[in-house]
Amino acid sequence: EVGADAAPDTVTCTSLLTAYARSSRSSCAAIRAVLDYMRRSAVGHNNYSVPNAIKALARSDARHVDQVALARDLFLEAVAGGLRPNDFTTSALENLMGGRDAEALLREA
């Protein structure tokens, strides 16, 4: 039985983001809701949640410029919180932004 005080954690949020990343078309509002919850609840990002959020944003109904801006902000926030980008994160950024812009963002972080 799950207690009334149970709350979504990093694994739960990452599972949602992974489902959105695998969807053919994700709702940007739904992705933002998960990311906002993670921020408000101090649920940490990891090397699965960040790239899956970026992949989900790339498949979302948002305009491309908004997808890139949201992914950039998420990535910089996660790195500032101690995340060390891995190949999965780098690949997600490259697929969304293109290689040159992803490299510039990695250098900035």
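## Exposure and the model

A residue counts as exposed when its relative accessible area is over 50%, as buried when that area is under 20%, and as partly exposed in between. Arg63 has a relative accessibility of 57%, so Arg63 counts as exposed. The model discussed here is predicted.

## Salt bridges

The count of salt bridges comes to four. One of them pairs Arg63 with Asp66, and their closest N and O atoms are 3.1 Å apart.

Another salt bridge joins the side chains of Arg39 and Asp36, at 2.8 Å from N to O. Both residues belong to helix α2, which covers residues 28-40. They are three residues apart, about one turn of the helix. Asp36 is partly exposed, with a relative accessible area of 31%.

How exposed are Arg39 and Glu77? Arg39 has a relative accessibility of 40%, so it counts as partly exposed. Glu77 has 30%, and it too counts as partly exposed.

## Helix α4

At 1.5 Å a residue, its 17 residues should span 24 Å. Its end C-alpha atoms are 24 Å apart, which agrees.

Which residues of α4 are buried? They are Gln67, Val68, Leu70, Ala71, Leu74, Phe75, Ala78 and Val79. Seen down the axis of α4, these buried residues fall within an arc of 165°, so they line one face of the helix. What covers them includes α2, α3, α5 (87-97) and α6 (99-108).

The face turned away from the buried side carries the exposed residues Val65 and Ala80. After α4 comes Gly82, whose phi is positive, near 110°.

## Ser49 in helix α3

Helix α3 covers residues 49-58, and Ser49 lies in it. Is Ser49 buried or exposed? Its relative accessibility is 0%, so Ser49 counts as buried. Leaving aside residues up to four places away in sequence, Ser49 touches Thr14, Leu17 and Met38.

## Cysteines without a disulfide

How many disulfides does the structure hold? A search of the whole structure finds zero. A disulfide is a covalent bond between the sulfur atoms of two cysteines. For Cys13, the closest cysteine sulfur is in Cys28, 16 Å away, which is too far for a bond. The cut-off for a disulfide is a pair of cysteine sulfur atoms within 2.5 Å.

Cys28 is likewise in no disulfide, and its nearest cysteine sulfur is that of Cys13. Cys13 counts as buried, with a relative accessibility of 2%. Cys28 counts as buried as well, at 9%.

Note on methods:
Residues numbered from 1 in each chain as written. Predicted model: local features only at pLDDT ≥ 70, side-chain atom pairs only at ≥ 80, totals over all residues. Heavy atoms only, no water. Helix = DSSP H or I, 4+ residues; strand = E, 2+ residues; numbered from the N terminus. Buried < 20%, exposed > 50% of the residue type's maximum accessible area, 1.4 Å probe, protein only. Contact = heavy atoms within 4.5 Å. Expected span 1.5 Å × (residues − 1). Arc of directions from axis to C-beta.
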